[in-house]
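I opened this notebook to record what I looked up in the structure. The entries follow in the order in which I made them.

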Amino acid sequence: MNFKQFWTKKTLVGLGLGQFLSLLITSTGFSSSELAKRGINAPTSQSFLNYVLLTVVYGSVMLYRRQALKAKWYYYVVLGLVDVEANYLVVKAYQYTSITSVMLLDCWSIPSVMLLTYIFLKTKYRFRKVAGVIVCVAGLVLVVFSDVHAGDRSGGSNPRKGDLLVIAGATLYAISNVSEEFLVKNADRVELMSFLGLFGAIISAIQISIVERKELKSIHWTAGAAFPFFGFSLAMFLFYSFVPVLLKMTGATMLNLSLLTSDMWAVVIRIFAYHEKVDWMYFLAFFAVTVGLIIYSGGDKDDDQNQADLADEGAERSKRSDEEAGFNNFNRATMAGSSKTGDSSRHDLTTSFGGREIIENKNVGKDLDGKKS
């Protein structure tokens, strides 16, 4: 593979959009951190406003179109439930385990997505794709070792419970991403966002009334609390809006690989915004993840060209088969017509000879009668 096949338009757009989504996730992380510093712990309430925005914006577009549903409505109910609980479990895990353990969420979601897409979407991964995933995961492992080396790892109040929440949340994220990839490729993006927002808002409202009602009453709303709260919702709205675009373009695996760099962008913000010192392994990890993304997404034009060539080859074979079948049918029809013509000629010839034989027999009879007389 040459250099030009890597830097296709699809590759560049996919990489750029993936990093934009990664920055959005980074901003939601800092918003949640700021809310936690102020004693606000309401993860479902933070996501609720995002689901409401999705319903209002994309629901209005869907009502304007007045199109029939392309997927069953209960698919969106299940997807909404999975998405809401995935967000809740991951945020909840921070209360019980260390941030380093939560970072492993990214590693767990990637093989989960690849397995689900292979089973249900029949996605086949070439060696180049697998190599890109391995390089990205290796980069994230460097981040983990960096935290251990720097002494930032804290056990948490209940690490086992926190780790189980992380694994459960990662699995639900994988299911959600693969389901969205299937729906965005087989249904409609606006329909997906509308119903995900609608059922996500309904499920979140029910969960808030049960779990976070007391927490919301105890919040003292100020400008410092409202800004990160609404900033989180806006960032999540943009994230949810652009995720289907990347899913349709490159798939769920590329999405999860791109989100690996969110930890790296957080380090950059820590350096320049908060003037904190970080371990040198972070920079090596950032480089490894970037290289892995390029390896995974590179050569899409070559893959598309191969698929197009295979399609053309199949069409050419089908065309040749049709032509051969038509030629054979024509030969059969010609042979059948020749056979009928031959039979008719033989019949006419026999009839002609038979008539001449009868006439000659009659003439011979006449001559015999004349001699007798």
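At what angle do helix α7 and helix α8 pack, and how far apart are their axes? I worked on a predicted model, in which local features need pLDDT of at least 70, side-chain atom pairs count only at pLDDT 80 or more, and totals for chains, interfaces and linings use all residues. Residues are numbered from 1 along each chain as its sequence is written, and side-chain values use heavy atoms, without hydrogens and water.

Entry on the helix pair. I found that α7 (residues 159-186) and α8 (residues 189-217) pack at about 135°, with axes 8 Å apart. From α7, E180, L183 and V184 make the contact (heavy atoms within 4.5 Å), and from α8, R189, L192 and L196 do so. I sorted these residues into four nonpolar, no polar and two charged.

Entry on Q207. I located Q207 in helix α8.

Entry on the whole protein. I counted 13 helices and zero strands. Of the 373 residues, 39% count as buried. Among contacts between residues at least 6 apart in sequence, 91% join residues at least 24 apart.

How values were computed
Axes fitted to C-alpha atoms, helices over the stretch in contact; angles between N-to-C directions. Helix = DSSP H or I, 4+ residues; strand = E, 2+ residues; numbered from the N terminus. Nonpolar A, V, L, I, M, F, W, Y, C, P; charged D, E, K, R; others polar. Buried < 20%, exposed > 50% of the residue type's maximum accessible area, 1.4 Å probe, protein only.
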